[in-house]
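Visitor: I have the sequence and the model open. Please take me through some local features.

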Amino acid sequence: MERPLDLRHVASLALRDLIEQAHLPDFERVQDQIRQVRGCTRPVNLVGTTATLDATAGTILHSYSTADEPTGRLLTACGNRRSSRCPSCSRLYAADTYHLIKAGLSGGKAVPETVREHPRVFATLTAPSFGPVHNRRTTKTGRALTCRCGTRHPDSDPALGTPLNPATYDYAGAVLWNAHAGALWARFTTYLRRELAAQLGVTQKVLNDAVRLSFAKVAEYQQRGLVHFHAVVRLDGPDGHTSPPPAWATADALTLAITAAAQRAVLTIASDAVGERELRWGRQIDIREITTLDDGELTDQKVAGYVAKYATKSAEDSGTVDRSLRCPRCTGNGHLTGPDGFRDLCDNCEGTGSSEPLTDLRVHQHVRQMIRTAWALGHLPEFADLKLWKWAHMLGFRGHFSSKSRRYSTTLGALRDVRRAWRTAQAHPTDETPEDNEETTLVTESSWSYLTSGYRSGEELLAGQVRHELTQSRDEIQRRKSEGEPWL
């Protein structure tokens, strides 16, 4: 007879919980769930059932219930794209983004390979200057030049991107620019079509009938806390990527049109607090044609890699925090409406609306001032629709980090559906399903409920091991690639 476990000598609660789970009869299933979410940092715990039915015969082909799991729940990946929150899901998001971008450049994923022959450019649009900042200029040979402050800053210097004179830096303009960056991009795309028609010497109607503009963009934070956009812009025929554009629609014309549209796009905002301001793109605009040569300076693979890397970065790369600062109880308002209809001061934040004192944030003074400015502007009536207090930790930016036009290529959702179908096929071989025929209709009925997020204490140890193994495997592949060894 097996003796009961005596874990009184185990000091670690996590290790004690892991030992207890290891003695469960279905412990391998616990490990399988953690491997399937690739050691996700904070997985979503679900309870429920799902069943696949043959609608014609009315029979159940496959059923699943979390009641049959040893832990009574199902772990699903959080899907967070930010590497600071979940490295595992972030890498998967980057891989999906890579394939999405590359399909629009080289073909694949229902996109024909002839798309490589379409005019394509990689454009970078930056934010304007709101005051001089510490920077690290270099020569063509890579030698560092002296900053305006008289110092040669190293790459790791925290002063890079911060104002030379914080007292005169336009913090209000910087925050408002971040908040309107998405709207400025939308206006840029409108002017781009007009400028392209002007460059080609045709009317907009003729252009719309013969040429379609497709793009995929991603936002990246600069060290100074302002976003800039990297975009793949492509010229297609009237049917999108399946049809070539006319010969007179060239990459040179597209380059000139992007330059002109970026200079023309302007947003004007008016406020009693900050006055009237014109928001526009910065003067630094980089536009390079994407080559079809595999050994070119800017190839399909390089561009897709750039965009995938940028897609998983976020505001914390500029020194800010990766969490919302609004009080969860009053959602940042600082007050609650009582049953009598009167506003009562929120006890959690003492009326500040913030979940934690801004003075206690472990960030650079420049970033703290941008957060304070976003918080203050967000509570002004004229900027209420921007909800800057909600996006203060993002330094005002509230747009999508990555987006694309409808017919650029496939979608992230389609890539996830293919991966989900593949995993389902692996879990349930085809010999367990009925033969395909025109009269067979499969119906899926599901019922799921959210339970919680995260791991149990012992499971976190297993997840850490999975993440460690994945990191080692990835590093080994990179080493073999760099040394020219076979890695498959």
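**A helix end, a charged patch and salt bridges**

Guide: This is a predicted model. Just after α3, G107 takes a positive phi of about 95°.

Visitor: How many residues does helix α3 have, and what does it reach from its first C-alpha to its last?
Guide: Helix α3 covers residues 87-106. At 1.5 Å a residue, 28 Å is expected, and the helix comes close to that. The values asked for are 20 residues and 28 Å.

Visitor: Is D300 buried or exposed?
Guide: Buried means under 20% relative accessible area. The relative accessible area of D300 is 1%, so D300 is buried.

Visitor: Which residue forms a salt bridge with D300?
Guide: D300 lies in helix α7 (residues 300-311), and its partner is in the loop between α3 and β4 (120-125), so the pair ties together parts that are 184 residues apart in sequence. The closest N and O atoms are 3.1 Å apart, and the partner is R116.

Visitor: Which residues do salt bridges that share partners join into one network?
Guide: Side chains of opposite charge can pair when their charged atoms come close. In this network, shared partners link the salt bridges, and the residues joined are R116, R120 and D300.

Visitor: Why does R407 count as partly exposed?
Guide: R407 lies in the loop between β12 (402-404) and α9 (412-427), and it is one of the residues that gather in a patch of positive charge on the surface. Partly exposed lies between buried, under 20%, and exposed, over 50%. R407 counts as partly exposed because its relative accessibility is 37%.

Key. Residues are numbered from 1 along each chain as its sequence is written. This is a predicted model: local features need pLDDT of at least 70, side-chain atom pairs count only at pLDDT 80 or more; totals for chains, interfaces and linings use all residues. Side-chain values use heavy atoms; hydrogens and water are left out. Helices (H or I, at least four residues) and strands (E, at least two) are DSSP runs, numbered from the N terminus. The expected span of a helix is 1.5 Å times one less than its number of residues. Patches are made of residues with over 30% relative accessible area and no salt bridge: like charges are joined within 9 Å, nonpolar side chains (Val, Leu, Ile, Met, Phe, Trp, Tyr) within 5 Å. Accessible areas come from the Shrake-Rupley method with a 1.4 Å probe; for residues, only the protein chains shown count as cover. A salt bridge is a side-chain nitrogen of Lys or Arg within 4 Å of a carboxyl oxygen of Asp or Glu. Lys and Arg count as positive and Asp and Glu as negative; His and the chain ends are not counted. The place of a charge is taken as NZ of Lys, CZ of Arg, CG of Asp or CD of Glu. Buried means under 20% relative accessible area, exposed over 50%, partly exposed in between (1.4 Å probe, protein chains only).
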